[in-house]
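Hi,

Here is the structure I promised to pass on. Have a look at it first, and my notes follow below.

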Amino acid sequence: MPERLFVCTPSKLGSYEDCPRRYRYSYVDRPTPPKGPPWAHNSLGASVHTALRNWFALPAERRLPEALPTLLKGTWVREGYRDEAQERAAYRRALEWLESYVETLDPAVEPLGVERVVAVKTSVLAFNGRADRIDSRSGPDGPELAIVDYKTGRTGLDSDDARGSQALALYAFAAERVFRRPCRRVELHHLPSGTVAAHEHTPESLARQVSRAEDTARDIVAAERAVAEGGDPDEAFPTTPGPICTWCDFRRSCPAGAEAPTKDPWAAVDRVLTPAAGDA
Ligand code: SF4
């Protein structure tokens, strides 16, 4: 019998690469172990992403900065904030980011896809993922595509982040096949700083990222098989304690997570709202 393809998204692969135990809690153990409370930074990120999706759903002539407060309010996610004052401050900051960001966009230019699902199969993977935006741009040899990913964290990003992102590379690999146009450029648009971190892949560098994803898929299949054959799930999916434990949804269910410093659900947003010493 041929091996079944491993069905995956970037977050499924990334979850295992970050920590096999976290992968197990998310995708293998049923019922899913209880998660901690929602994080305010996830609410903030989701609110901004949805506002941008809805911005592009407007007719081009209505893509005006005045539309942003309604868009942001309409799909604002309220979970995780310390109190109403913090939530209001986060809303105002998000609106500032969006106002600055849309100034950089040409309302007449339609992206090829917004929150567009792209899917592709290899000999190992059946990959699907939702790209924030897929742009069609003119290149030296005709139209080409670019993958755009929005970021709302406190820290800026550089071209190494764009180059190293497996998710962006897999989106590019899939988009090239779905739309039958070259897609080598990947971009991280960091709204708080208004910066764009970009990388131009080559066919070889995309192939390397796909191959890495396939290796991860093989590791996951082997771990799942070991458990199915009676192996110890804790051994098959080991913990990898580190700074990520502080922000892990399953830290309360995980023996390693209990050792990690605790943070309030709104701690990361507090940092976003508080300029660091030396910030302009
Ligand atoms: S708390 Fe840490 S070790 Fe445990 S599952 Fe989460 S990331 Fe992994």
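Let me start with a network of salt bridges: it links Arg133, Asp135, Arg137, Arg185, Glu187 and Glu200. Please keep in mind that this is a predicted model.

One pair from that group is worth a look. Arg185 and Glu200 meet through their side chains in a salt bridge, at 3.0 Å from N to O. Arg185 sits in strand β5 (residues 183-190) and Glu200 in strand β6 (residues 195-200), so this pair ties together parts that are 15 residues apart in sequence. Arg185 is partly exposed, with a relative accessibility of 25%, and Glu200 is partly exposed too, at 42%.

Glu87 and Arg78 form one between their side chains, at 2.8 Å from N to O. Here Glu87 is buried, as its relative accessible area is 10%, under the 20% cut-off, whereas Arg78 is exposed at 53%. Arg82 and Asp83 also form a salt bridge, with their closest N and O atoms 3.5 Å apart. Arg82 is partly exposed, with a relative accessible area of 41%, and Asp83 is partly exposed at 35%.

Thr216 counts as buried because its relative accessibility is 7%. Which residues is Thr216 in contact with, leaving aside its neighbours within four places in sequence? They are Leu13, Tyr16 and Glu17.

Best wishes

Notes. Residues are numbered from 1 along each chain as its sequence is written. This is a predicted model: local features need pLDDT of at least 70, side-chain atom pairs count only at pLDDT 80 or more; totals for chains, interfaces and linings use all residues. Side-chain values use heavy atoms; hydrogens and water are left out. Buried means under 20% relative accessible area, exposed over 50%, partly exposed in between (1.4 Å probe, protein chains only). Contact means heavy atoms within 4.5 Å. A salt bridge is a side-chain nitrogen of Lys or Arg within 4 Å of a carboxyl oxygen of Asp or Glu. Helices (H or I, at least four residues) and strands (E, at least two) are DSSP runs, numbered from the N terminus.
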